[in-house]
Amino acid sequence: MNQAFASYLKRNYHYYLLLLLPMLYFAIFRYGPIFGNMLAFRKYVPGGPAYGTEWVGLRYFRMFLEDPNFWVAFKNTIILSVFNLSITFPLPIIFALLINEILSSRVKRFIQIVSYFPNFISIVVVVGLIKELLSPSNGIINHLLGMMGIDPIFFTNQPEWFRTIYIGSDIWQYMGWNAVIFVAALASVDSQLYEASELDGAGRWKQTLHVTIPQILPTISVVFIISLGSLLSLGFEKVLLLYTASNSSTSDIIETFVFRMGLENNNYSYATAAGLFGGIIGFTLVSVANTISRKISGVSLY
Amino acid sequence: MLYRKTRGFRLFMVFNFCILTLVMLAIGFPFLHLLAVSFSESAAILGGKVTVYPIGFTIDAYLRIFDHPSIMQGFKNSLIQTVLGTSISLFMTTICAYPLSKKFLKGRKAFILIIMFTMFFSGGLIPTYLVVKSIGLIDTIWAVVLPFCITPYYLLLMMTFFQGIPESLEEAAMVDGLNPLQILFKIVIPLSKPVMAAITMFLMVYYWNNWFNSMIYLNSSKMHPVMMIVRNIVAGADLASMGSGIGQNDINTLSSASLKSAVIMVTMIPVLIVFPFAQKHFAKGVMLGAVKG
Amino acid sequence: MKMPLRKTLLTMATVLLGVSLLGACSNTSNDSSSKGTDHSGATGPLKLSMMYSDSSAYPFNKDWALFKKLQAQANVDLDVQSVPSPDYNNKLRIVLSSGSIPDLVTEVRQDIVSEFAQNGVLLPLSDYMDKLPNLKKKIEEYQIEDELENWRTKDGKLYVAPVMNETALYNTAPVIRMDLIKKYGLKIPETMDELYAVLKTLKEKDPASFPMANLESADTLRNLSGAAWGIDPSYNGFVYNQDTKSYAYSYTGDHYKQYVSFLHKLITEKLADPELFTTSLDSWKQKMVTGKSVFTYTWISELAQLNADGKKNVSPDFELAPIAPIAGPGGKLAASTLRIPHGIVIPASAAKKPYFDQLLAFLDYLYSDEGSNIVTWGIENDSYEVVDGKKQFTDKITGAASIQRALWDSGASNQNYTMLYTYDWFIKVLDNPLVSTLTEEAIANHWFPPITKVPKLSPDEKEEENMQLTTIKDAYAKAQDAFVFGGMSIETDWNNYVKDMENRGVKKLIDLYNNTLK
């Protein structure tokens, strides 16, 4: 046994050597500050000790778990996330597949670069554009509706429109950028596989189904599993900017709620407790998704 | 290639063309609008007259940006941060992802869990600040490039790509007498160009756009990146004009809309310069056969 | 092939060396940064570090002439750590929490002072008043003790060097299109009922318009017009009543009910912009300069540009002009103006530094006539001159595109280190005769509302308050939107709203605040 291990080590020590520096990194910069999470159970006074002054048990957890507004925000987060994920997750894949079909590599590159643009426009400006476009008093959309005889709709203030606006603008802003990794995956597919399937007489559609998709499936799975893990963390800044008292019944999500309750008031303990709660949910989701993925497709993170 | 001649394929190409054109228009219009606004005079913008071409052409907004006393220093700092940060990140991510892509590696699962754990449980801003401070990195460039150099997400992506490389290639190299380090640098990395290019691009954009870490960890103005200046202009334009009782009538001679748009255009220039290069690498497919032979 | 052992050890050693070098080189930098700056003795100028809120309107430039002059006169060398103003409070909290605080921290707001003062982070300046003679003198001269009292902690100590305005200014006003008033022969509205009538007439003349617009948010409108309605100024809605010597919540009172009823009426009759509570700065400007809206509350200093743009877009007669406060149930009152917007704090640890006295001397210099002159008026016979005993700017300044711009570009009128704003200076900078005449009228007719009394809370009480306050603010904002836009009926839902607010913590907070009075 010992001998077997020694020979294993002898063969593979290079791998551990490579891991040395990254693990040192994780130990210092990721696990070093992790004790900060203690604040969830301790009282923190601004300017006082960084790790709090006294133990208060589950006080801060109770504070939000017993708050009905938190559960409204929780529900909103789940609904928005699930809608958002089921729409914005497949679109970049489809977009990447469509780009992949373009024959001219110049056109391909041009389309890709243009599709990245919105990713670089800061959220403040994007929300500004949305509000300008949808304004009930001088927006273009309401102007067009007016010509069709429809009364102006106050899109940005009505709870029933919030999710549409959020998801629509997310597609606009990130579809091209999120397609990057799938384009890279498509480029990594061994071209021999295509040649082989062509010899078998497969059409383009069949090739896509039987060669392309299976080849990029691991990437899709990994991205999906990780997206599930961040289910609770939506585009906080955008939601905050789109939030109004009137549309709050759908637009108040966990992060905006915690922002108002915890960070705006400097209650770090409260914010930490809520962060820990979100972390536990995210970690559980990823573990479950990983297990399911391993059973179904054989792809897993660990 | 035979399939290209079928009717179905031609129909698909028409459909594809329409969809992509639609996407281009949806992205292009707001972008052209911003471009037009950045070159228009305040009265025309506020009059709601500017659509996709400038009205009352002016470059005042751009002059205002380049008038900033430390804009050039900012570009320089951004460049240094981006190059240094991307190199370190790419290196660290690669040497971490490669061993973890080996399913036979003992302790692999534990390592991955340790890493994944940090995706969900971070220490928070103040504890992180205290760690960075205790190592003495505050106000040095390392505070911006070290604490965030491995992103678990990119790590897991790279790991997945490494796993996609056929075992047989590495085994053959092993037989030729190469050790795992040599295999990584001589075979695996060259074969992973598309994912390397994509992740390089992600990292560059991250470092280029990140003003927050610089704001928190760098005190000396001499080290501030251009995005910190940009941040101030984009978020501060509204605040400044509604000062705390002091008449700040000057700022309004420039529409904040045109200033913001101009800022977006300026910061996008480097992106436009770099991307076509990165693009080359993942637009082309990889020929595994070529290496095999 | 395996790597020879020697080579492996070498690799490991290199890696470790690299790591330790990294540590080492950062250690050296740590030493210099923890010292902050070198404080040389009497020979050279004293080096002081200063945390600075960088405004995008006048990005920090160490070569500003007056900034240099200030340092030369005071014999200091300021090491400015600039932070973008939108993120200033974020960084401020981290810096104050982490313990390495620069010698001078500028633009600190009242809530942050009260948060950190009680935990021993900040220096109690009131203990050193003998070393700050100019500050002491100016506080007495400006008769500002009422407002300064809100900055003191429970034990009466002052932890901030306040920025002070000599007098309150009538710098925000109801603003109306005077050309239209004249054109249609209307009377300038003096009461809310008259305002309603005027808006109604203007709507009839231009049915596509929304006569009243508002800048940014519901809070802006309430801040600018609330005093006249008798609901502001307040501490988050809580008002101290002089007669009963206790706190009360004003946003469930009768005056507030009248306020939301009025706005609801304007919205339903389309007299007010539907985006009343959600207009961005640019979109609000657009509504004003295209004539879509003709009445608003705003800063008088905004008007010059609005009028210029309006003349181009609407007609050469376009004239938005400020008017006297419109009287409501609370009386004829203007918006409340803070005479102390923010201040400079010094870390408690500075008291042990060898250059402590010099640090205080520099702070005090900012309050001296000489020091405050440099950062407001500039240099005599260069940027200003004295005519008949009164200061006025020279052509060099008045000839510039704007006085404010010219001052900023020379390092004056800087919110970070200008501690005193005198009335005569302000009037010259604003360069708008309306502000001075209206301010004089305001002082003569008592248009300025009284100052809110901020309850003095201990850290524990503060935490308790925070949690309650957020819930209350949320519920208040939602109800306000609902009442104004018709989601709730003021007739039928009002009593439920009042009860709901009380249950959400209004009662608890009133008790908490009243307790502090004992």
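**A tour in questions**

Author: Happy to! Let's start in chain C, where C:Tyr240 sits in strand E8, which runs over residues 238–241. Keep in mind that this is a predicted model.

Reader: Okay, is C:Tyr240 buried or exposed?

Author: C:Tyr240 has a relative accessible area of 16%. The cut-off for buried is under 20%, so C:Tyr240 counts as buried.

Reader: And which residues is C:Tyr240 in contact with, leaving aside its neighbours within four places in sequence?

Author: Those are C:Lys245, C:Ser246, C:Tyr247, C:Lys453 and C:Leu517. There is also C:Ile510, 270 residues apart from C:Tyr240 along the chain, and the C-alpha atoms of the two are separated by 9.9 Å.

Reader: Nice. Let's hop over to chain B. What does its secondary structure come to?

Author: Chain B has 15 helices and zero strands. Of its 293 residues, 59% count as buried.

Reader: Can we zoom in on one residue? Where is the place of B:Phe162?

Author: B:Phe162 belongs to helix H8 of chain B, which covers residues 152–163. B:Phe162 is buried, and its relative accessible area is 2%.

Reader: Which residues does B:Phe162 touch, not counting those up to four places away?

Author: B:Phe162 touches B:Thr94, B:Ala97, B:Tyr98, B:Ser101, B:Val188, B:Ser192 and B:Met196.

Reader: And what about B:Thr128, how far apart are the C-alpha atoms there?

Author: B:Thr128 is 34 residues apart from B:Phe162 along the chain, and their C-alpha atoms are separated by 31 Å.

Reader: Got it. New topic: chain A. How many helices and strands are there?

Author: Chain A has 15 helices and two strands. Its radius of gyration is 24 Å, well over the 19 Å that the globule rule gives for 302 residues, so chain A is more spread out than a compact globule.

Reader: What box do its C-alpha atoms fill?

Author: Roughly 70 × 60 × 30 Å, taken along the principal axes. Within chain A, 57% of the 302 residues count as buried, and the accessible surface comes to about 12,900 Å², 69% of it belonging to carbon and sulfur atoms.

Reader: Where are the charges in chain A?

Author: I can tell you about their averages: there are 19 positive and 16 negative charges, and their mean positions are 10 Å apart.

Reader: Which residues of chain A does UniProt annotate as "transmembrane region"?

Author: The unreviewed UniProt entry gives 12–32, 78–98, 110–130, 171–189, 216–236 and 268–292. In the model, residues 171–189 are 84% helix and 0% strand, with end C-alpha atoms 26 Å apart. For residues 216–236 the chain is 71% helix and 0% strand, and the end C-alpha atoms lie 30 Å apart.

Reader: One last stop: which residues of helix H4 in chain A are buried?

Author: Helix H4 spans residues 90–100, and its buried residues are A:Pro92, A:Ile93, A:Phe95, A:Ala96, A:Leu97, A:Leu98 and A:Ile99.

Reader: And what do those buried residues pack against?

Author: In chain A, they pack against helices H3 (68–88), H5 (105–116), H8 (159–178), H9 (180–187) and H11 (204–229). They also pack against helix H1 (7–38) of chain B.

Key
Residues are numbered from 1 along each chain as its sequence is written. Chains are lettered from A and ligands numbered from 1 in the order in which they are written. This is a predicted model: local features need pLDDT of at least 70, side-chain atom pairs count only at pLDDT 80 or more; totals for chains, interfaces and linings use all residues. Side-chain values use heavy atoms; hydrogens and water are left out. Helices (H or I, at least four residues) and strands (E, at least two) are DSSP runs, numbered from the N terminus. The radius of gyration is taken over C-alpha atoms; the globule rule is 2.2 Å times the number of residues to the power 0.38. Buried means under 20% relative accessible area, exposed over 50%, partly exposed in between (1.4 Å probe, protein chains only). Accessible areas come from the Shrake-Rupley method with a 1.4 Å probe; for residues, only the protein chains shown count as cover. Lys and Arg count as positive and Asp and Glu as negative; His and the chain ends are not counted. The place of a charge is taken as NZ of Lys, CZ of Arg, CG of Asp or CD of Glu. UniProt positions are given in the numbering used here, feature names are shortened, and annotations may be inferred rather than shown by experiment. Contact means heavy atoms within 4.5 Å.
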